Structure formats: structure tokens, C-alpha cells
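Dear colleague,

I am handing over the structure we spoke about, and below it you will find what came out of looking through it. Please keep it open beside you while you read.

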Number of protein chains: 2
Amino acid sequence: MPTEKETEQKIFDAAQKVFQRSGFKGARMQEIADEAGINKSMLHYYYRNKDTLFSTVFQSAAKKIMPRVFGILASESSLREKVVQVVEFYHNAFRENPELPSFVIYEMNHHPQQFKDFIGSMEMHLPETFIEQVEEAVESEELRTITPDQFLMNVVSLCMMPMLARNMVQALFHLTDEEYFSFLDERRQLIPNLIFNGLAL
Amino acid sequence: MPTEKETEQKIFDAAQKVFQRSGFKGARMQEIADEAGINKSMLHYYYRNKDTLFSTVFQSAAKKIMPRVFGILASESSLREKVVQVVEFYHNAFRENPELPSFVIYEMNHHPQQFKDFIGSMEMHLPETFIEQVEEAVESEELRTITPDQFLMNVVSLCMMPMLARNMVQALFHLTDEEYFSFLDERRQLIPNLIFNGLAL
DNA sequence: AAATAGTCCAACTAAATGGTTGAACTATTT
DNA sequence: AAATAGTTCAACCATTTAGTTGGACTATTT
């Protein structure tokens with residue numbers, strides 16, 4: 001006999017799977033119910049309607065990524081260590097949940113207001129310690145002139161893009177799944193290296 | 001009195017707009033007809049069904065980007081010039097059509113087979129001259145060890161990611177539309193610089 | 001044990017949506 | 001000018017889909 005929490009959890013898990021696979025518009029309530037192995041009206045009992053269910057899933061997904069990255073940036077590590085940790089985090093998270101980045105980016109673009117409200121509701125600012133680290137490194141001429149925003153944008157871009165464009169990468173470079181993951185693994189070292197040292201010798 | 005070609009073109013333009021705005025599942029045939037200012041059954045007369053119409057639009061969109069980039073990579077320019085040109089191309093193309101990258105990446109992930117067929121049908125290989133340039137630069141120790149694939153992946157990532165994640169960038173860094181485009185413009189110089197020289201001084 | 005609150009579902013409804021039809025209208029060919 | 005081919009659309013149809021309802025069944029409270 002499943003308890004309330006178990007059923008709710010089953011619905012949530014199923015919804016996450018289906019929404020990530022098919023997107024908000026593509027997902028069918030019946031499909032989610034089937035995936036959860038329960039009757040469709042249970043979805044409405046626990047989550048009222050499709051929007052509410054989606055919101056819950058989306059916010060949970062976003063929370064899996066952004067606060068973790070900000071956590072790393074707020075830590076006591078050196079700038080270089082932080083970059084390494086962020087790169088590792090993205091790559092490990094992708095292994096566990098390959099559809100997550102694609103899902104968040106796409107739905108964010110299609111529910112802009114909902115996304116802004118969500119961002120506003122959590123207080124997301126670039127950690128001060130990170131900003132200071134970049135600014136100090138620039139001032140002391142350890143680094144070329146760059147803003148913390150652009151710095152972070154570079155790291156995130158180099159990590160996420162190959163994950164978002166998985167199909168294109170595999171098709172263009174003719175990679176099997178295995179080769180694709182090797183390709184990604186190479187980047188764990190390549191990215192911090194590129195960020196700080198570039199390619200020129 | 002509109003000719004056949006004009007009506008077909010109006011449908012195509014409208015479909016492009018609506019599919020890019022709402023995605024395949026989100027787009028409504030009626031919405032496309034309204035956008036084109038014609039009756040819904042015209043869509044079926046010219047494009048048979050939703051899938052055909054979508055396919056046409058999607059392939060046209062993909063053709064706007066990839067062959068152009070490959071064209072630059074196949075040219076006679078130096079490696080550094082090619083990077084600059086690719087970066088410029090992406091940023092200019094985005095100004096003209098800000099929804100295009102997002103559209104192609106998302107739908108590519110949701111119609112993988114269709115996308116593979118499409119890639120296969122055009123013969124898309126990395127241009128030999130580009131591959132040789134990277135390999136020679138590595139061999140002659142002008143560049144750190146890197147494969148042409150990873151090299152290209154870096155450039156494309158640094159360009160496209162901030163475009164795909166526009167909402168996130170604007171929300172997180174608190175940028176107006178104008179500030180966002182300045183942020184992108186900064187990257188035209190920043191990216192080639194990063195690719196070759198990194199940040200270390 | 002009776003009453004109450006919580007959990008579950010089969011069957012239903014209303015609305016939306018992709019697609020079809022048949023006829024009217026226009027341009028072109030003979 | 002008559003016939004033919006091409007173009008347009010209002011009305012319709014079949015299916016899908018989110019959401020509702022009423023009742024059964026279970027656990028908890030009194």
C-alpha cells in the first residue's frame with residue numbers, strides 16, 4: 001500500500017522523466033500517469049494541473065544546477081580550483097542526467113516570465129568572493145582584463161554547449177556514444193587549461 | 001493577386017516565425033495560417049501536413065548556419081583569421097535572427113533521426129584544410145596539443161552558449177536588452193583572444 | 001464500530017487540433 | 001469561348017487532450 005508521499009514522489013519522478021524527454025508541450029498527462037503506473041486523475045489530485053506539475057519539476061531541475069555552481073564559486077578555493085570544480089561538477093551532473101541541461105535551457109526560453117520570477121525568488125547573485133578574486137587577479141596582472149561575468153560565461157559555455165548539442169556533435173564528428181563520452185572527458189582537463197593558458201605556446 | 005510562389009513563401013515565412021517562437025509541438029497550424037494571413041487549408045495544399053512544413057523550415061534554418069561555418073573553415077585564411085570570421089559570423093547571424101540557435105538546437109534534440117538523415121544527406125565533413133592547419137600548428141609547437149574537433153567545439157561553444165541561454169544571462173547578470181547585446185559584442189574580441197592566448201599573463 | 005478524512009480510479013466532458021471535403025473562383029490552354 | 005488546371009476557403013470530421021465527477025476503498029479518529 002503506497003503512502004501519500006510515495007505516490008506523490010512517483011508522480012514527480014515520472015513527470016520529470018516525461019517532461020525532460022518531451023518538453024512541456026510535448027508531454028502528455030496520460031504519458032506521465034502511465035510512467036508512474038497510476039491513474040491520470042491522481043496527477044490532478046496531487047498537482048492540480050499540468051502547469052503546477054511542470055513548475056515543480058522545472059524548479060527542481062534548475063535547483064540541481066545553479067545553486068551548486070554558485071556554491072563552488074562562493075567557497076574558499078583559489079580561482080583555478082574553482083574552475084576545475086565547476087567543470088567537474090557539470091561533467092559529473094551530465095553523466096547522471098544527460099537531458100537536464102537541454103531541458104532547463106529550452107523551457108527557460110519558452111517560459112521567460114516564469115523563469116524570471118523563479119530566479120528572483122531565490123536570491124541568485126554572483127558570489128562576492130568570486131567577483132573579488134577575478135578583479136584582484138586582473139588588477140595584480142595575473143590575468144588579462146576580463147569581467148567576472150564574462151569569465152563565468154566562458155567556463156559555463158565550454159562545459160554546457162557540447163552537452164546541449166550532443167546530437168550535432170555525434171553526427172558531425174561521427175562519434176559513437178562511447179566516443180562521445182570520451183570526447184567530453186577530454187574536456188575536463190582541456191577547459192581549465194584553455195581558460196587560463198589558451199592554446200598558444 | 002498573389003501567385004503560387006508568393007503564397008507558398010508567405011506560408012514558409014509564417015511557419016518559420018511560429019515554429020521558432022513555439023517549437024514543433026507548441027506551434028498550431030491555425031497560428032501559422034493567421035500569421036500568413038491565409039486560410040488554414042492552404043497550409044495543407046502547399047505542404048501536405050505539419051511534419052512536412054516543419055521539416056522544410058528546420059532544414060532551411062540548419063542550412064543558414066552550418067554550411068556557412070564550414071565554408072569559412074574551408075577557406076584559405078589563417079587559423080586565427082578563421083576563428084575571427086566564425087565568431088563574427090555567429091554574432092552577426094544572431095543579430096538578424098535571435099531565435100535561430102535555440103530553435104535548431106532544441107528541435108535537433110527532439111527529432112534525432114530526422115536530424116541524422118539531414119546531416120547525412122548533405123555531406124558535412126570538417127574541411128581538410130582546417131584539420132591540417134590545426135594539426136600542423138600542433139606539430140610545429142605553435143599550439144598546445146588539441147584535436148581539430150575540440151578546437152572547433154571550443155569556438156562554437158563560446159559563441160553560441162550565451163545566445164542559447166539569453167534569458168539566464170540577462171536574469172543572472174541583471175542586463176537590459178541593450179546591455180545584453182553589449183555583453184555579446186564584448187565577446188567578439190574576447191573569444192579569439194581566449195582561444196589562442198587564454199587569460200594568464 | 002461509526003464517522004470522517006484521505007487516497008484512488010473508470011468513465012465522462014469540453015475544448016482544441018490536425019486534417020478533409022466540396023465548391024467557388026481565377027488563370028491558362030485549346 | 002469552352003475546357004482544363006491551379007488556387008482559395010468555409011464548413012466539417014475524427015482524434016487527442018486537459019481536466020471533472022462520483023463513487024469505491026482504506027486508514028484514522030472519535
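**Pockets and interface**

Among the elements around the largest pocket, α1(A) gives the most to the lining, with seven residues. Please bear in mind throughout that this is a predicted model.

The largest pocket has a volume of about 550 Å³, and of the 32 residues that line it, A:Q20, A:R21, B:Y106, B:N109 and B:H110 lie nearest its centre. At least two residues of this lining come from each of α1, α6, α9 and α10 of chain A and from each of α1 and α6 of chain B. By class, the lining of the largest pocket divides into 10 nonpolar, 14 polar and eight charged residues.

The second largest pocket has a volume of about 310 Å³, and its lining is made up of 17 residues, of which A:N109, B:P98, B:E99, B:R166 and B:N167 are the closest to its centre. Here α10(B) gives the most to the lining, with three residues, and the classes are six nonpolar, six polar and five charged.

Turning to how the two chains meet, 60 residues of chain B are in contact with 60 residues of chain A, and the chains bury about 5500 Å² between them, 66% of it on carbon and sulfur atoms. Between chain B and chain A there are zero salt bridges, whereas 19 residue pairs are in polar contact, counting pairs with both residues at pLDDT 80 or more. On the side of chain B that touches chain A, α9(B) gives the most, with 12 residues, and the residues of that side divide into 35 nonpolar, 16 polar and nine charged.

With best wishes

Note on methods: Residues numbered from 1 in each chain as written. Chains lettered and ligands numbered in written order. Predicted model: local features only at pLDDT ≥ 70, side-chain atom pairs only at ≥ 80, totals over all residues. Heavy atoms only, no water. Contact = heavy atoms within 4.5 Å. Buried area = accessible area lost by both parts, 1.4 Å probe. Salt bridge = Lys/Arg side-chain N within 4 Å of Asp/Glu carboxyl O. Polar contact = N/O pair within 3.5 Å; in protein donor to acceptor, adjacent residues only side chain to side chain. Helix = DSSP H or I, 4+ residues; strand = E, 2+ residues; numbered from the N terminus. Nonpolar A, V, L, I, M, F, W, Y, C, P; charged D, E, K, R; others polar. 1 Å grid on protein atoms, 1.4 Å probe; cavity = no way out; pocket = protein on both sides within 12 Å on 5 of 7 lines; lining within 4 Å. Points joined across faces, edges and corners; volume = space filled by probe spheres on them.
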